[in-house]
Amino acid sequence: MARPLLAEIDLGALRHNYSLARELAGDSRAVAVIKADAYGHGAVACAAALESLPAERRPPAFAVACLEEAEALREGGIESSIVLLEGIFEPHELARVEALGLWMAVHSEWQVSALLAYRPAKPIPVWLKVDSGMHRLGFPPDQAAAVWERLAAAPTCATGLLLMSHFATADAVDSKYFQRQLDCMQALARRLDAPLCLANSPATLAWPEAHGAWVRPGVMLYGSDPLERANEASHRLEPVMTLRSEIIAVRDLAAGEPVGYAGRWQASRPSRIGVVACGYGDGYDRHAADGTPVLVAGQRTAIAGKVSMDMLTVDLTDIPEADIGTEVVLWGRSRHGAVLSVDEVARHCDTISYTLLTGILPRVPRRYTPPA
Ligand SMILES: *Cc1c(COP(=O)(O)O)cnc(C)c1O
């Protein structure tokens with residue numbers, strides 16, 4: 001029998017979450033962010049599941065971080081528009097951008113000069129990135145208008161030109177900094193009569209005033225709720241990835257006995273411990289504390305002891321029916337119906353869902369459930 005660990009990807013749930021993003025976006029168009037191999041879910045499979053939606057419900061474009069990610073999508077047969085969120089990394093990439101029909105962000109002067117000097121035969125839609133407060137990529141607001149005018153004057157860039165910026169605090173319940181960034185971008189958009197693309201998942205879910213012409217949801221498409229406090233919309237998200245395994249051994253321990261490396265967990269009562277085929281060598285976070293939730297036979301229990309490379313240990317004391325072969329869900333949906341959110345697991349690992357989802361390693365087979 002094969003090692004039981006699997007990452008099951010529910011493509012119907014992906015479509016559901018994308019539809020929710022579209023519904024929230026209203027008149028804005030929703031580009032589906034599928035960088036980092038669709039946050040670990042498999043970019044080609046995820047793009048194909050969204051691209052095959054009826055025309056009026058499918059994403060107008062996908063977004064990735066770099067040319068290599070776009071090339072993998074084209075090789076996988078994806079024909080939709082694709083935007084490079086960080087544009088090119090070297091000037092010679094422009095030929096591939098043009099050949100593959102990509103759109104690109106420009107965040108730096110060297111990219112603008114390279115683009116204007118390149119003179120593509122076909123127009124390249126350009127998203128001008130403005131640094132409204134994230135202080136990572138983009139032109140300072142007081143330089144953006146001049147760059148915009150140069151791009152708008154170039155017939156090969158003017159098509160699809162828009163202003164893009166990224167929020168630092170859209171997940172916070174009440175953020176003055178968010179408002180400051182939004183005010184900055186709205187003032188610039190009014191001055192240039194430019195369409196805006198600002199909203200990541202938290203802003204798509206919670207800040208309708210920031211939706212603009214385009215929104216850019218990422219993590220919410222995979223069913224993770226990025227908001228500091230869930231709202232009505234985020235409650236409707238469905239998990240896309242289920243990380244599923246089984247119990248491969250069971251131990252009965254007397255009170256006081258330790259489990260695993262350094263004996264971090266100790267039995268406070270006579271205990272039954274299950275060994276699960278899943279470890280940090282699969283990408284499960286080694287920072288998972290004792291008490292990190294898992295579902296065993298659809299019931300919540302907790303990690304007991306440090307995560308090892310190929311295994312982790314869970315407390316089965318209160319789930320007497322659990323035995324070798326019993327289903328364990330590390331996050332996602334149990335066959336028994338219960339759901340464990342990756343966001344909750346992330347909190348126990350002192351991290352965010354993004355790192356857990358993108359962290360699943362190639363050793364874990366992906367199995368896709370097609371949309372109903
Ligand atoms: C990754 C990314 C997004 C999506 O962010 P989420 O928080 O996953 O929704 C949007 N815009 C840019 C520029 C990004 O890099």
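**Close-up 1. R136 in its loop.** In this predicted model, R136 sits in the loop that links strand 7 (126-129) with helix 7 (141-152). Is R136 buried or exposed? R136 counts as exposed, because its relative accessibility is 55% and the cut-off for exposed is over 50%. If you set aside residues up to four places away in sequence, R136 touches D131 and H166.

**Close-up 2. M309 and the residues it touches.** Here we visit another loop: M309 is found between strand 16 (299-302) and strand 17. With 43% relative accessibility, M309 counts as partly exposed. Which residues does M309 touch, not counting those up to four places away in sequence? They are G279, Y280, G281, D282 and R363.

Close-up 3. An unreviewed UniProt entry lists R136 and M309 under "binding site". They span 174 residues in sequence, and their C-alpha atoms are 34.7 Å apart, so the two do not gather at one spot.

Close-up 4. Look for T326 in the loop between strand 17 (312-315) and strand 18 (327-333). T326 counts as buried because its relative accessibility is 14%, and buried means under 20%. A polar atom of the T326 side chain lies 2.8 Å from the backbone nitrogen of D323. Leaving aside neighbours within four places in sequence, T326 is also in contact with S245, E246, I247, V296, A297 and E321.

Conventions: Residues are numbered from 1 along each chain as its sequence is written. This is a predicted model: local features need pLDDT of at least 70, side-chain atom pairs count only at pLDDT 80 or more; totals for chains, interfaces and linings use all residues. Side-chain values use heavy atoms; hydrogens and water are left out. Helices (H or I, at least four residues) and strands (E, at least two) are DSSP runs, numbered from the N terminus. Buried means under 20% relative accessible area, exposed over 50%, partly exposed in between (1.4 Å probe, protein chains only). A polar contact is a pair of N or O atoms within 3.5 Å; within protein, one must be able to donate a hydrogen and the other to accept it, and residues adjacent in sequence count only if both atoms are side-chain atoms. Contact means heavy atoms within 4.5 Å. UniProt positions are given in the numbering used here, feature names are shortened, and annotations may be inferred rather than shown by experiment.
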